Amino acid sequence: MPTYILLLSSPVLKADIPDIIFSQLLLGAIFLAFTADQQQWDFQTAKKSYQSTAKLPAGTAFTARDLDRGFRTKGLWALSRHPNFLAEQSVWVALYAWSCYVTKSYYNWSGVGAVAYLILFQASTWFTELVTAKKYPDYKVYQERVGKFVPNLMGQGVADMNEEGESKTK
C-alpha cells in the first residue's frame, strides 16, 4: 500500500535528499534481512549436518556447543534475537514514512497495512519465542541477555554463556 502512494505522489525523475535517505534506509534494511537470513541458513545447514553425522561440518565456523545449543547466538544474532524480523519490519516502516513524506502528511491510509504487518510480526514472534523457549533450555538465558529486535546495549550479551547457559560470572 505505501508503494502505491509513492507511485502516485512522486514526481518522475526527481529525487530530493529525503528520497535518497529513504531509499538508502530501504536498501540497508534489505541488506540486513539478506545477511540475517543467510546467517540463519548457514547455521541451520551446519546443525542439520551435525545432527545426522555427529561431526562438525568441514569449514564450519560453529563449535559443537553452538550446534548442540540448537539456536544461533553469533553474528547478527548476538545483537538481536530476530534481526531478520527487525529488517523486514523496518522495510515497511520506512516505506510508510516515505509515503507520508511524499504526501506531506503525518499519516495516511496506507498505515493500516504497515500496522497490520507489524501486528502480524509481533504475534508471530511471540509464538516463535514461546516454542523456542520450550524446546531449548538456554533460550531463556538468551532472551534475558539479547533484545528481541533492537540490541540491548545495557545487556550482558552472549559471549560468556557456558555449557549450562549460565553466566560464568554468577
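Biologist: What share of the contacts in the chain with a separation of 6 or more comes from residues 24 or more positions apart?

Modeller: Quick heads-up: this is a predicted model, where local features need pLDDT of at least 70, side-chain atom pairs count only at pLDDT 80 or more, and totals for chains, interfaces and linings use all residues. Residues are numbered from 1 along each chain as its sequence is written, and side-chain values use heavy atoms, with hydrogens and water left out. A contact means heavy atoms within 4.5 Å. Among contacts with a separation of 6 or more, the share from residues 24 or more positions apart is 64%.

Biologist: Which element has the lowest confidence in the chain?

Modeller: Confidence here is pLDDT, the predictor's score for each residue, from 0 to 100. The chain averages 86, and 84% of the residues score at least 70. Helix α2 is highest at 95, while the lowest mean, 57, belongs to helix α1 (residues 2–9).

Biologist: How many helices and strands are there in the chain?

Modeller: Both are DSSP runs numbered from the N terminus: helices are H or I with at least four residues, strands are E with at least two. Reading from the N terminus, the elements go α-α-α-α-α-α. So that's six helices and zero strands.

Biologist: Are α2 and α4 roughly parallel or roughly antiparallel?

Modeller: Axes are lines fitted to C-alpha atoms, for helices over the stretch in contact, and angles run from 0 to 180 degrees between N-to-C directions. Helix α2 (residues 17–53) and helix α4 (residues 83–103) pack at about 165°, with axes 8 Å apart. Angles under 35 degrees count as roughly parallel, over 145 as roughly antiparallel, 65 to 115 as roughly perpendicular and the rest as oblique. That makes α2 and α4 roughly antiparallel.

Biologist: How do the axes of α4 and α5 cross, at roughly what angle?

Modeller: Helix α5 covers residues 111–135, and its axis comes within 9 Å of the α4 axis. Residues making the contact include Phe85, Gln89 and Trp92 of α4 and Leu118 and Phe121 of α5. The crossing angle is roughly 165°.

Biologist: Is glutamine 89 buried or exposed?

Modeller: Glutamine 89 sits in helix α4. Not counting residues up to four places away in sequence, glutamine 89 touches Leu118, Phe121, Gln122 and Phe149. Buried means under 20% relative accessible area, exposed over 50%, partly exposed in between (1.4 Å probe, protein chains only). With a relative accessible area of 8%, glutamine 89 is buried.
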